[in-house]
Amino acid sequence: MEASPLQHQVRPGTFMPKIVQLYDDMFHHETQQLFLRAIQQVKSGKSPLDENALDTLTVFLGTLLGKKYTNPSADIISVLAGLDEVDAVFFDFANALEGILRNGRSFELREKAVEVTLSLTSGAYQTSLVSYFTHRDLFPALIKHIQDIPTHPAVFKPLLLLGLLANYNKFEYRNPYRLKIENFVDENAIQKIVSGFGATCSLSRDRYVAIQDDVPEGWTVGSTLSYVGLGALAPRKTVAPALSADEAKEAFADLPGPEASILLSAYEFTSANALFTTTLLSITPSTKGQQTPLSSFLSYTSYLLHHAHRSTRCTLYGTLALTILRLMFEDVSHAKLLSNPPNPLSVRIARQVPPFLPPGSDVRSAISTILDICIDSITHNLRLRLDCSLYISTLNLLHRILAHMNSMRTRLIYHWSLLWQTLLSLLRFLTTYASSLISMNTPETLQQLLTPFLSSLALAVAEGETLLPDWDSYDDLFYKLVEAGEVLPRFKAAFFPPSTTHSAPITTIAPLGLEALDTLIHVSRHYHALLEAEKQTGKVGKNLEMGEVGRVIRKGFESLVMPPGVVEGRFAAWERWREGGERGFLKRCARAAVEDGRRVVGGGSLIFSGVFFFLSPILAGFGIFLFF
């Protein structure tokens, strides 16, 4: 007996007009057919069908994956393949891409395969779809493609892809790409990766220079003629029109470009592969006058930190660059290469916003440049709402450098006076705005900020003879410390109050920082007492000159006794970088790199031999226009 047409039907959970349901079903069917046919064309190996299919997939995936979904994994799988066929379709898709990356007939074809893989990886990074690329290992094919790349800048896209794949869910399971990076020892491939990283940093730095050329003008025939009043005879050169202050500010705010995402890949290699770091620190340029990859990286880091205050994204990448440098100094062999490199470096330091760093020699050790970067980072990013994460990274790096120099007995010729001036200016700033800083940050954050800061100053005071090249530099440190004598007790009262006045004093979690501060106060009071005694005896006037203070400081050094418990190396202690403790920061970096990965592959144009619509007009409503 047939069912009655009047039989009661189950009430649906939600009501949807029939036409909408039909369009939804058609949308899923058409997109699945498009995806399946594109995979078949990619596998065909026929030119130009496979190239056109890859171009279409790049735009198609970029558009589809850029939309918001309630349940991203399930919804995207439903649209692309269906829940029943997803394994078969995506394994077939991954195999097709791997085959092109490994044996593609041309660099252009392999590069298109990289873009498709990057489009899916960056678009579906928060879904389970990327796991198909972890099951189908692309690492050997990507490395082979990198080795065959004709120019260094073209290494950027496959290297970014490697970085994203190595970072994918690495805190949840042992990422196979990370394991491959740890065990990778192919020197030729590592050199190609390092050179590509350096070329990308150089191009990214040049984006800043294009807005404002900040090279100090040296001696030229024209400048000499102008100096003697014969400027009319000076040769003329074409100069790009300078941007106004507002235009430059707006242009700087748009930087860094998406190429900054390569810093995530550099971090993954630096933290996992010692050969990569050694090569980065020791590789020499292939042609005379060309910058080394390390010079390009340091220069780009300088510009990032010079402008870090302009955007959260710039601060994030600048902090990541500081983390890479910190990891280098935590390895003794790499730290030695930075302080005593086989070839001294010439690094372009940012000089676009005053105050400017003093001009250094054209060629010097990397450690001098990194100290300059730390000074610039501290100077140019002071704000009432202090970015503690940036300053924690800067001060940790600075402390690592001083601790390494102390252990190696490295006496560096450097403008130390500027470093002490910068640190003590930071001390005054923190004292002035202590109440705001305490109210806006947790005690743990303040401890992470203050401990390396105070330990750096205390280390220089207690063991400066192992760091500083001469006694004049040491005297200058004590002179500046005496000048800050009135600030130090106020700083202690603000950040290390007695437990009776605050329920959660910082002293309970920062014993080393407090000990360092007490040492600074002790030394300051010692010399202040000597200077007062000199004034009372009439040996010096009330207004002391620096020479008189220097004489008293040298005399007082003989009677200076450090507080009990301050032993050699006490303030050189530091904790190693732990990824697990910085999970939140690294995930923010990954999200930024993923967004930049989308930008990298999102702006391509399509040129096809045959053009026709594949989908019905309803797809136009979704903003998807796809052609073969």
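Mentor: One term to begin with: a contact means heavy atoms within 4.5 Å. Among contacts in the protein between residues at least 6 apart in sequence, 79% join residues at least 24 apart. Keep in mind that this is a predicted model, where local features need pLDDT of at least 70, side-chain atom pairs count only at pLDDT 80 or more, and totals for chains, interfaces and linings use all residues. Residues are numbered from 1 along each chain as its sequence is written, and side-chain values use heavy atoms, with hydrogens and water left out.

Trainee: How many helices and strands does the protein have?
Mentor: The count is 28 helices and 0 strands. Helices (H or I, at least four residues) and strands (E, at least two) are DSSP runs, numbered from the N terminus.

Trainee: And what percentage of the residues is buried?
Mentor: Of the 628 residues, 52% are buried. Buried means under 20% relative accessible area, exposed is over 50%, and partly exposed is in between (1.4 Å probe, protein chains only).

Trainee: How many residues of H16 are buried?
Mentor: 16 of its 18, so H16 is largely enclosed by the rest of the structure. The helix covers residues 312–329.

Trainee: New topic. How many aromatic pairs are there?
Mentor: There are 22. Rings of Phe, Tyr and Trp (its six-membered ring) pair if their centres lie within 6.5 Å; planes under 30 degrees apart count as stacked, over 60 as edge-to-face and the rest as tilted.

Trainee: Why is the pair of phenylalanine 429 and tyrosine 433 called tilted?
Mentor: Their planes are at 50°, so the pair is tilted, with the ring centres 4.9 Å apart. Phenylalanine 429 counts as buried, at 14% relative accessibility. Tyrosine 433 is partly exposed, at 33%.

Trainee: What about phenylalanine 453 and phenylalanine 491?
Mentor: Those planes are at 65°, so the pair is edge-to-face, with centres 6.5 Å apart. The pair links distant parts of the chain, 38 residues apart: phenylalanine 453 is in helix H22 and phenylalanine 491 in helix H24. Both are buried.

Trainee: Where is lysine 192?
Mentor: In helix H10, residues 187–211.

Key
Expected span 1.5 Å × (residues − 1).
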